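Have a look at the structure first, and then read on.

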Amino acid sequence: MAHRTPLFAAHQAAGARMVPFGGWDMPLHYGSQIEEHHAVRRAAGVFDVSHMRALDISGTHASDFLRYLLANDIARIKDPGGALYSCMLNPSGGVIDDLILYRRSADSYRLVLNAATTDSDLDWINAQAEPFAPVISRRDDLAMLAVQGPEARAKALPLLSADLRSALEQLKPFHACERDECFVARTGYTGEDGLEIILPNEQVIDLWQRLLNAGIRPCGLGARDTLRLEAGMHLSGQDMGPEVSPLTSGLGWTIAWEPSERDFIGRAALEKQRHAPLAERFVGLLLLERGVLRHGQPIVVNDQGAGVITSGGFSPTLERSIGLARITAEVTDACQVEIRGKRLAARLVKPPFVRHGEIKIPR
Amino acid sequence: MSQVPTDRVYSDSHEWLLDNGDGTATVGISDHAQEALGDLVFVETPSIGDELSAKQACAVVESVKAASDIYSPISGEVVEVNELLVDNPELINGDAHGEGWIFRLTIADPTEIEALLDAEAYGELIAED
């Protein structure tokens, strides 16, 4: 049987359509995926992301371990409370997974793993950890809510403890703070301002209900996917994967090359690619005709195969179809996408498509 | 609970077919199917003049999440398509059995209609979902 989050019954009570996702029964939507999408762009929505797994890593050599495990450099986070987005690579420089890492104290970190890959990620992490002997704790006792949208903080803050509230009022984007057992980060995956709240399983039902009572709309995985696509954010297993370099997945910016003496898993392979001209690059696409871009559709330029759609879908904000794609380096402007045997015109654009409620690409 | 009108028949792939009484039939997808698909954003209809055989994939509906093939329940020639769906695919979400019809075709072999499910049988089928 699939795993269920502590909110399973609450989702059903809110009218959710439940679907299997990464080994979990999760809400796809609560009636209308498009209305949930707009709620996050215009007001506030809450997502149950308790299927994602927090992992706490601590110990004298925890920092050294994470500087070896991850392509981004946690030494960039000077103070407790800072967050870092990073890829976890294999020795050939492919992306095993992407994650957000929070520094909690000098020797203590929390990272959040994708649901579908939690077990394999953990096996990988444990296998690399031995020389550093960190304490690795999988936090199955914690649930996670993402409250997102321009009104998210204003609506959610009054529901949290006074102590936490005063800290959150000052909290900068991509930072976190914690009081007692409640960990709150100003992060998210929608392109909007908002919070991600990690708290004990037994407390999440109460908070969920209070967020809904405050007028925050429950949102499912469907809206999460269209929001993250509009925000130009990557989806593990689609836009990147173990066979593909972060340099051709639009994730080159997450690699910390300096200091050059820092060795991290995958570095040697990436160094070889780094100075060679890249055959492919990662772009956004706007479909100019009617249809919907989907993962795996081929891209054609001058009757030649020129790339592939890695993520695609309908953008509720643009009311057009958009996608992310890996494309041969020389293509700069127009291309065609082959959809069910027909070739439809598309234009290259620079993601994000939408951020903070505003359309960011020329239409 | 999905509506299952009794004036028409259904395929096990969730299309409905209404005999128009003039040698043609109208085809759409069931209320149950539109509900499962969610918000529809694009419909690719067949072309007028297409010769279809029963169970042939002939149209595509795309929801926000995924594309789904639509199969012709019977054989025949397409004589009309619902042009309104080009700009308003959500008509299927709002009225799957009425304004959200997809295409009309000639009835090549009336016995193919008899092989489809009546409302009661279709209701039982979707109750199992």
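## Where the chains meet

Let's begin with charge: chain A and chain B are linked by five salt bridges. Keep in mind that this is a predicted model. One salt bridge to look up joins the side chains of A:Arg340 and B:Glu44, with an N to O distance of 3.1 Å.

In terms of contacts, 15 residues of chain A meet 16 residues of chain B. Together the two chains bury about 1400 Å², with carbon and sulfur atoms giving 49% of that area. A:Arg340 turns up again here: with A:Arg290 and A:Arg294 it supplies 42% of the area that chain A buries against chain B, more than any other three residues. Eleven residue pairs, both partners at pLDDT 80 or more, are in polar contact across this interface.

## The sheet of chain B

Chain B has an open, antiparallel sheet of six strands, in the order β1-β2-β3-β9-β8-β5.

## Cysteines without partners

How many disulfides does the structure hold? Over all chains, the number is zero. For A:Cys219, the closest cysteine sulfur belongs to A:Cys182 and lies 20 Å away, so the distance is too far for a bond. A:Cys219 is also buried, at 2% relative accessible area. B:Cys58 is buried as well, with a relative accessibility of 14%.

Technical notes. Residues are numbered from 1 along each chain as its sequence is written. Chains are lettered from A and ligands numbered from 1 in the order in which they are written. This is a predicted model: local features need pLDDT of at least 70, side-chain atom pairs count only at pLDDT 80 or more; totals for chains, interfaces and linings use all residues. Side-chain values use heavy atoms; hydrogens and water are left out. Two strands pair if DSSP finds at least two bridges between them. Helices (H or I, at least four residues) and strands (E, at least two) are DSSP runs, numbered from the N terminus. A disulfide is a pair of cysteine sulfur atoms within 2.5 Å. Buried means under 20% relative accessible area, exposed over 50%, partly exposed in between (1.4 Å probe, protein chains only). Contact means heavy atoms within 4.5 Å. Buried area is the accessible area (1.4 Å probe) that two parts lose on being put together, summed over both. A salt bridge is a side-chain nitrogen of Lys or Arg within 4 Å of a carboxyl oxygen of Asp or Glu. A polar contact is a pair of N or O atoms within 3.5 Å; within protein, one must be able to donate a hydrogen and the other to accept it, and residues adjacent in sequence count only if both atoms are side-chain atoms.
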